[in-house]
Structures are given as structure tokens and as C-alpha cells.
Amino acid sequence: MVTMVLTGFTGALTFTQATITANATPKKLPIYSVETTEKKIAVTFDAAWSAKDTEQLIEILNKHNAKITVFAVGDWVRKNPEAVKAFYDNGHEIANHSDTHALFGKVSAEKVKEEIINCNNEIEKITGQKPKTIRAPSGDYDNKSIEIAESLGMKMIQWDVDSLDWKDNATPESICNRVTSKVKNGSIVLFHNDADHTPAALPNILKC
């Protein structure tokens with residue numbers, strides 16, 4: 001499977017917008033997948049806890065000539081600058097996943113903006129690049145968070161395939177089977193670093 005990073009993404013939403021009543025405020029949606037006829041997917045990792053598997057993941061990705069987008073929490077960036085630099089130096093995109101993993105739908109607009117800007121600043125200190133994409137913590141987006149991201153020149157990214165690699169009962173086989181059975185051209189797939197079985201599942205997914 002050929003992978004792509006999300007920097008400079010210009011594709012269109014493929015997720016159907018929910019029906020709304022005439023008096024309701026239209027619901028804004030993030031990007032769930034990329035419109036393409038090519039056999040490509042976007043492999044994304046959310047990074048918020050340990051960085052112990054960084055070298056292992058990079059080795060696997062290099063072996064398969066695959067590039068990913070790492071959605072990094074600012075706190076994780078501060079604790080693991082070497083991991084951020086290692087991913088970036090190997091050609092992977094470092095994107096924004098908030099500064100403290102605060103749920104955007106539960107906090108004020110001012111707090112959302114602060115979370116985004118602070119995380120951008122931490123990433124830029126290491127990579128020299130300000131992120132262009134953001135993923136809401138736990139996928140908890142709302143209109144205000146999307147509007148704030150857009151005002152900062154950023155795109156809100158969701159996913160259409162969840163590996164569920166974080167679950168206690170996940171195995172390399174279950175992760176691989178779930179992803180390969182659900183992806184389509186242009187899918188955005190969600191993984192997590194520091195998930196016990198993801199490194200073992202990843203090679204077979206990338207071979208597809």
C-alpha cells in the first residue's frame with residue numbers, strides 16, 4: 001500500500017454531511033478521507049504518551065518506503081524532542097494534536113486557540129515548520145474548533161478507518177485484518193504510537 005502525508009492536502013471531503021434542520025446551524029466537518037483514484041492511503045499516528053517505539057516504527061516505515069503523519073500532543077513534544085526530530089528527519093509530517101489533549105468540544109474558544117497555537121510553537125521549535133494540519137483530541141471536534149483551525153490556516157483531519165490498536169484485546173492479526181478490510185483509496189487510517197501490537201501489524205498492512 002502506497003502511503004501519503006497530509007501536508008499541503010487539497011483534496012475534498014468524501015464524508016457525507018449529516019442532515020440538519022432548517023433552523024439549525026450547519027455542522028462543519030473535518031476531512032475524513034482523500035478523494036483519489038490511486039491506491040494510496042494516509043497512515044497517521046497519534047502521539048501522546050511514551051516514545052519508546054519510535055526507532056522501531058521508523059525502521060519499519062523506512063523498509064517499506066512509507067511516509068506518515070504524526071499528530072503530536074505538545075506535552076509529548078516537550079518530553080520527547082528527539083522522537084519528534086527523528087520522525088521529521090526521516091521525512092514524516094509532524095502535525096498538531098493539541099497542547100495538553102484537552103477535549104475541544106468541552107472547552108472555550110479561547111482555550112482551543114491556545115491549545116493549537118502552543119502545540120504549533122513546540123513543533124516549530126524542533127522542525128522549523130509550523131503544522132498545517134490538526135487532529136482534535138479523541139476526535140472531539142465542533143464548529144468552533146474547526147473555525148479556529150481554519151482561521152490559523154490549518155485543516156482539521158479526522159479518519160475513516162480506526163485500527164483500534166489501543167484496545168487491550170488488540171492483536172497484530174486483529175489490527176491488520178481490521179485495517180485491510182476497511183481501507184479504500186484515499187482512506188485516512190488512525191494508529192497510535194506506544195501501542196503494544198502496532199509495530200507487528202504494520203508491515204503486513206504496508207505490503208497490501
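This is a predicted model: local features need pLDDT of at least 70, side-chain atom pairs count only at pLDDT 80 or more; totals for chains, interfaces and linings use all residues.
**Reading burial, cores and salt bridges**

Biologist: With which residue does Lys-52 meet in a salt bridge?

Modeller: A salt bridge is a side-chain nitrogen of Lys or Arg within 4 Å of a carboxyl oxygen of Asp or Glu. Here the partner of Lys-52 is Asp-194, at 3.7 Å from N to O. Asp-194 belongs to the loop between β8 and α7 and Lys-52 to the loop between β2 and α1, so the pair ties together parts that are 142 residues apart in sequence. Asp-194 counts as partly exposed, at 26% relative accessibility.

Biologist: How many salt bridges are there by this rule, and which residues are linked in a network?

Modeller: The count comes to 14 salt bridges. Asp-75, Arg-78, Asp-99, Glu-122 and Lys-125 are linked in a network. Another salt bridge joins Asp-142 to Lys-144, with the closest N and O atoms 2.7 Å apart; Asp-142 is buried at 17%, whereas Lys-144 is partly exposed at 21%.

Biologist: How is the salt bridge of Glu-114 with Lys-111 to be read within helix α4?

Modeller: An α-helix has 3.6 residues a turn, so residues three or four places apart point the same way. Glu-114 and Lys-111 are 3 residues apart in α4 (residues 109-127), about one helical turn, and their closest N and O atoms are 3.5 Å apart. Helices (H or I, at least four residues) and strands (E, at least two) are DSSP runs numbered from the N terminus. The protein has 7 helices and 8 strands.

Biologist: What is the case of Glu-93, which has no salt bridge?

Modeller: Charge is assigned by residue type: Lys and Arg are positive, Asp and Glu negative, and His and the chain ends are not counted. Glu-93, in strand β4 (residues 93-96), is buried, and the nearest side chain of opposite charge, Lys-132, is 8.6 Å away. The side chain of Glu-93 does make a polar contact of 2.7 Å with that of Thr-69. Such a contact is a pair of N or O atoms within 3.5 Å; within protein, one must be able to donate a hydrogen and the other to accept it, and residues adjacent in sequence count only if both atoms are side-chain atoms.

Biologist: Which residues touch the most other members of the largest nonpolar core?

Modeller: In soluble globular proteins, nonpolar side chains tend to be buried together. A nonpolar core is a set of buried Ala, Val, Leu, Ile, Met, Phe, Trp, Tyr and Cys residues joined through side-chain atoms within 4.5 Å. The largest has 34 residues, and Trp-76, Phe-87, Phe-191 and Leu-202 touch the most other members. Apart from it lies another core of 13 residues, including Ile-134 and Met-154.

Biologist: How many residues of helix α7 are buried, and what covers them?

Modeller: In α7 (residues 198-207), 7 of the 10 residues are buried, so the helix is largely enclosed by the rest of the structure. Leu-202 is one of these buried residues. The cover includes β1 (2-3), β2 (40-47), α1 (54-63), α6 (172-182) and β8 (188-192), a contact being heavy atoms within 4.5 Å.

Note on methods. Residues are numbered from 1 along each chain as its sequence is written. Side-chain values use heavy atoms; hydrogens and water are left out. Buried means under 20% relative accessible area, exposed over 50%, partly exposed in between (1.4 Å probe, protein chains only).
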